[in-house]
Amino acid sequence: MPQDATVVDHPLVRHKLSLMRAKDTPTAEFRQLLRETALLLGYEVLHDLPLTTQTIETPLAPMEAPKLEGKKLVLVSILRAGTGLLDGLLDLVPAARVGHIGLYRDPETLEAIEYYFKVPGNLEDRQVVVVDPMLATGHSAIAAVARLKQAGAKSIKFLCLLAAPEGVAAFEAAHPDVPVFTAAIDDHLNDHGYIIPGLGDAGDRLYGTK
Ligand code: URA
């Protein structure tokens with residue numbers, strides 16, 4: 001198993017992930033669980049966010065209080081399932097800027113094809129966190145990060161819910177400078193590029209499209 005991905009294995013994350021994996025978990029519950037899990041994963045992935053200070057008055061005394069430099073953070077969602085993680089992260093950091101990258105998997109080659117790209121400017125000055133629930137073959141994540149680097153991003157992290165060992169290895173080979181955070185690394189990919197045991201198609205589970 002690749003060593004470098006950070007697995008956030010807090011009991012709450014593991015419990016919620018089990019509920020999401022179960023095939024009978026309804027869409028609304030799945031969506032809520034993903035949002036809650038994103039909060040917990042976000043706590044870990046954003047542990048080194050830059051702080052500034054501001055003078056405030058408590059009821060008893062003035063103090064220099066630490067504050068987030070919220071505008072420095074950009075969350076980039078890989079459509080469409082990335083939005084499920086994005087919503088939870090925005091609950092944590094409402095001032096973050098948001099980008100979207102539309103990629104679909106060619107069903108034959110499993111390669112990522114881009115159909116949409118819209119991100120904030122000055123990426124070179126920002127911490128970018130790319131989110132997609134499933135790091136399967138790694139093709140979409142690799143293509144998204146390559147595109148963000150091309151657009152100027154220098155400091156990037158990748159956050160997913162579930163990863164396959166094959167996807168982590170491919171991603172780390174392509175982007176060794178981009179740390180990966182995940183709730184779990186599963187057993188393997190099947191011939192159709194699905195993570196086993198996994199949770200099925202994250203977009204379908206999230207939006208009830210199957
Ligand atoms: N994308 C998904 O939604 N699920 C998988 O198992 C693999 C890729």
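**Sheets, pocket and ligand**

Q: Which residue of β5 does Val 74 stand opposite?

A: Val 74 stands opposite Arg 97 in β5. Strands here are DSSP runs of E with at least two residues, and helices are runs of H or I with at least four, numbered from the N terminus.

Q: Where do the coordinates come from?

A: This is a predicted model: local features need pLDDT of at least 70, side-chain atom pairs count only at pLDDT 80 or more, and totals for chains, interfaces and linings use all residues. Residues are numbered from 1 along each chain as its sequence is written, and side-chain values use heavy atoms, with hydrogens and water left out.

Q: How do β4 and β5 pair?

A: In the parallel sense, over six bridges. Two strands count as paired if DSSP finds at least two bridges between them.

Q: Which sheet is that in, and in what order do the strands run?

A: An open sheet of seven strands, in the order β1-β11-β9-β7-β4-β5-β6. The pairing is mixed. β1 (6-7) and β6 (112-118) are the edge strands; each has a single partner strand, so one side of each is left without a neighbour in the sheet.

Q: What about the sheet with β8 in it?

A: Three strands form that open sheet, in the order β8-β10-β12, with parallel pairing. β8 pairs with β10 (residues 162-163) over two bridges. Met 134 stands opposite Leu 162 in β10.

Q: Pockets next. What volume does the largest pocket have?

A: About 540 Å³. The search uses a 1 Å grid over the protein atoms alone; a pocket is an open set of points where a 1.4 Å probe fits, with protein on both sides within 12 Å along at least five of seven lines. Points join across faces, edges and corners, and the volume is the space filled by probe spheres set on them.

Q: How many residues line the largest pocket, and which lie nearest its centre?

A: There are 24 lining residues, meaning an atom within 4 Å of a point. Arg 105, Asp 132, Met 134, Ser 140 and Asp 201 lie nearest the centre. β4 (73-79), β5 (97-105), β8, α4 (139-150) and α6 (202-207) each give two or more residues to the lining.

Q: And the ligand, which residues surround it?

A: Arg 105, Met 134, Ala 136, Gly 193, Tyr 194, Ile 195, Gly 200, Asp 201 and Ala 202. The cut-off is a heavy atom within 4 Å.

Q: Which polar backbone atom is 2.7 Å from an oxygen atom of the ligand?

A: One of Ala 202. A polar backbone atom of Gly 200 is 2.8 Å from a nitrogen atom of the ligand. A backbone N or O atom of Ile 195 lies 2.8 Å from a ligand oxygen atom. The protein covers 90% of the 240 Å² of accessible area that the ligand has on its own (Shrake-Rupley method, 1.4 Å probe).

Notes. Polar contact = N/O pair within 3.5 Å; in protein donor to acceptor, adjacent residues only side chain to side chain.
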